[in-house]
There are 2 protein chains.
Amino acid sequence: MNDSSSGPPAMRSDARRNYERLLRIAEDAFAKQGVNASLTEIAKRADVGIGTLYRHFPTREALLEAVLRDRFDTLSSQGREMGETYAPEDALLNWLRLVIAELSRFRGLAVSITACLDGMSPELAAACGGLRKTAEDLLTRARLDEAVRDEVTVSDVLRFVNAIALVTEQSPQPAGEADRMLALLMNGFRRPD
Amino acid sequence: MNDSSSGPPAMRSDARRNYERLLRIAEDAFAKQGVNASLTEIAKRADVGIGTLYRHFPTREALLEAVLRDRFDTLSSQGREMGETYAPEDALLNWLRLVIAELSRFRGLAVSITACLDGMSPELAAACGGLRKTAEDLLTRARLDEAVRDEVTVSDVLRFVNAIALVTEQSPQPAGEADRMLALLMNGFRRPD
DNA sequence: ACCTGAACACCGTTCAAGT
DNA sequence: ACCTGAACACCGTTCAAGT
């Protein structure tokens, strides 16, 4: 909490180097092999003992969370911008598109995020919290604008978006499919009148 | 193909016993541990050498497919019944509810099915084919009844249904959540007028 | 024709030993 | 304070040897 805005935590310089190398290699591995990429191999590719990986990131989720943090932060701020520049419904739609793109970056990521939406996997809770807050803002605005039914909750939205990413990620044209599904979904969210 | 309706394939009686034991144990294991349950343990619990498991089921998907076959068949015939007894839209809705319930039986099943909808995992193709055909019939009827937009494809429907199962399966009240999401979805499918 | 299980290559995770 | 890597328990998969 105190180090989230006050810059990098204090570390011995070799430790810091290892930490960053691990992060870089892990991102690449997750992108190429999915979120279940071999930790042993990540350590090896980072020229680091496996124990060092575990010291910095006690669980796979901790490592994943670290890799995700930056991206998720920019996702949130993009959401805020959109809220200011677009009409409520478009803001929501466009932002959700970005979220889906992000969730599709690593195979299996959407599953992990779903798990954390459901309360498991406390490691990713911070990452999800940010998303949830942004989604809440955009959804509320859309609701006030009468563009979305009252019964639709933030959980609904996030769950669906995860679902779309999940089910699209192996499809031949992920982005196209995802867009179509998202459009159908927003149509479902809209009020009947 | 020739043995799908002409009864069980010819096997030595001990082989047949092993085959069925494996099937029973595997179903239980998949239900309890998800579709990635340890094959080694399944073989052990079935009192069978691991090689025997591989002889009968060369891949995990083959085993899964065998476990699923019966259930998926009854799912298809239930779909046909519903097509005859309910109004087109209700038939589709109610059948999709059943599909979701089935996909939620094993953790991770929806992911596997999605993979096979997308053309990977040929092992499960047969199982998916049945689902697809039934979905096609029900969807066509709903379309003719003008209850569903023209652009909605079978793939859309199945993908969404998978998505719902997937994203619901770890939720606190899976069935309730799934129903809500399915309702929203059908709302999105409906024509604007 | 079918079964067995040892063998191999891999992985996650821990922890005593080092600097 | 941090790093290392051997050690342990597990898994998937193959295949030579058995009946």
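I take a polar contact to be a pair of N or O atoms within 3.5 Å, where within protein one must be able to donate a hydrogen and the other to accept it. The model I am reading is predicted.

Entry, polar pairs. I looked across the interface of chain A and chain B and found eight residue pairs in polar contact, both residues at pLDDT 80 or more. I then asked which elements of chain A give two or more residues to the side that touches chain B. They are helix H6 (109–117), helix H8 (154–168) and helix H9 (174–189). H8(A) gives the most, with eight residues. By residue type, I noted eleven nonpolar, seven polar and eight charged on this side of chain A.

Entry, salt bridges. The rule finds four across the interface of chain A and chain B. I looked up one of them: the side chains of Glu177(A) and Arg159(B) meet at 3.4 Å, N to O.

Entry, extent. I counted 26 residues from chain A and 26 residues from chain B in the contact. The two chains bury about 2400 Å² between them. Of that area, 62% is on carbon and sulfur atoms.

Entry, symmetry. I superposed chain A on chain B with a rotation of 180° and 0.0 Å of shift along the axis, at an RMSD of 0.0 Å. The two copies are therefore related as by a two-fold rotation axis. I noted that the same surface serves both copies, since 100% of the contact residues of chain A recur in chain B. Which residue of chain A comes closest to the rotation axis? I found Gly188(A), with its C-alpha at 1.7 Å.

Conventions: Residues numbered from 1 in each chain as written. Chains lettered and ligands numbered in written order. Predicted model: local features only at pLDDT ≥ 70, side-chain atom pairs only at ≥ 80, totals over all residues. Heavy atoms only, no water. Contact = heavy atoms within 4.5 Å. Buried area = accessible area lost by both parts, 1.4 Å probe. Polar contact = N/O pair within 3.5 Å; in protein donor to acceptor, adjacent residues only side chain to side chain. Helix = DSSP H or I, 4+ residues; strand = E, 2+ residues; numbered from the N terminus. Nonpolar A, V, L, I, M, F, W, Y, C, P; charged D, E, K, R; others polar. Least-squares fit on C-alpha atoms with pLDDT ≥ 70 in both.
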